[in-house]
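These are my notebook entries on one protein chain. I record below what I looked up, entry by entry.

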Amino acid sequence: MKTEGETLSNLAKYCSQAERCIDDVRKKIKTAGLAEDTANSIINRLIQEKFIDEQRFCHSFVNDKLKFNHWGRIKIGYELKRRNIKPETYSDAMDAMDESEYMSVLCNLLKSKKRSVKGHSAQDTFQKLYRFASSRGFESPLIIKALKDVLNNMEYEEYFE
């Protein structure tokens with residue numbers, strides 16, 4: 001079993017490689033088998049020395065998940081909550097999302113998916129694309145707005161009401 005100093009050093013290195021949240025670090029400490037008070041001491045030290053910054057983590061996480069994973073706000077928010085991050089901590093990062101970039105990601109995602117969707121009817125295609133965007137965590141009104149752009153055929157008009 002490693003000492004507190006060795007664990008602190010290893011975790012500082014771990015946090016230096018990529019942005020980490022407290023939950024990520026706590027999981028690493030748990031696998032090391034350290035006591036709870038030692039874990040808290042290490043986490044406090046990492047926060048104090050700016051190896052862990054939940055606000056910074058949230059901004060990075062939100063940016064990366066939108067740009068690289070093409071996730072919507074709902075899915076991003078869910079994942080942050082799952083990591084025990086409070087909504088007040090990540091709300092600034094969510095609010096900082098560029099709306100035009102967000103809509104562009106959604107439209108491009110739908111255009112790409114439309115090429116592979118095998119709908120039996122216009123309604124079937126619409127529903128499949130809607131469910132796909134919804135599963136990626138995008139909000140319903142924005143999905144419908146994006147689908148209007150992607151499915152600009154008149155045959156889909158009845159589904160937008």
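Where is the place of Thr7? I found Thr7 in helix 1 (residues 4-17). I take helices (H or I, at least four residues) and strands (E, at least two) as DSSP runs, numbered from the N terminus.

**Basis of the entries.** I note that this is a predicted model, in which local features need pLDDT of at least 70 and side-chain atom pairs count only at pLDDT 80 or more, while totals for chains, interfaces and linings use all residues. Residues are numbered from 1 along each chain as its sequence is written, and side-chain values use heavy atoms, with hydrogens and water left out.

**Entry on Thr7.** Ile42 is 35 residues from Thr7 along the chain, and their C-alpha atoms are separated by 8.1 Å.

**Entry on the whole chain.** I counted 9 helices and 0 strands in the protein chain. Of its 161 residues, 41% are buried. I then looked up the radius of gyration, which is 21 Å for the protein chain, whereas a compact globule of 161 residues would have one near 15 Å. This radius is taken over C-alpha atoms, and the globule rule is 2.2 Å times the number of residues to the power 0.38. The C-alpha trace spans about 65 × 30 × 20 Å along the principal axes of the chain. Among contacts between residues at least 6 apart in sequence, I noted that 63% join residues at least 24 apart.

**Entry on helix 5.** Which residues of helix 5 (residues 73-82) are buried? I recorded Arg73, Ile76, Gly77, Glu79 and Leu80. Seen down the axis of helix 5, these buried residues fall within an arc of 160°, so they line one face of the helix. The arc is that of the directions from the helix axis to the C-beta atoms. I recalled a general point here: an α-helix has 3.6 residues a turn, so residues three or four places apart point the same way. The exposed residues Ile74 and Tyr78 are on the face of helix 5 turned away from its buried side. I also looked up what covers the buried residues of helix 5, and the cover includes helix 4 (54-67), helix 6 (87-95), helix 7 (99-116) and helix 9 (140-150).

**Entry on positive phi.** Most residues other than glycine have a negative phi. I noted Asn84, which is not a glycine, with a positive phi of about 60°. I located Lys50 in the loop between helix 3 (36-48) and helix 4. Lys50 counts as exposed because its relative accessibility is 55%.

**Entry on Ser112.** I found Ser112 in helix 7. Ser112 counts as partly exposed, because its relative accessibility is 38%. Ser112 and Val62 are 50 residues apart along the chain, and I noted 22 Å between their C-alpha atoms.

Note on methods. Buried < 20%, exposed > 50% of the residue type's maximum accessible area, 1.4 Å probe, protein only. Contact = heavy atoms within 4.5 Å.
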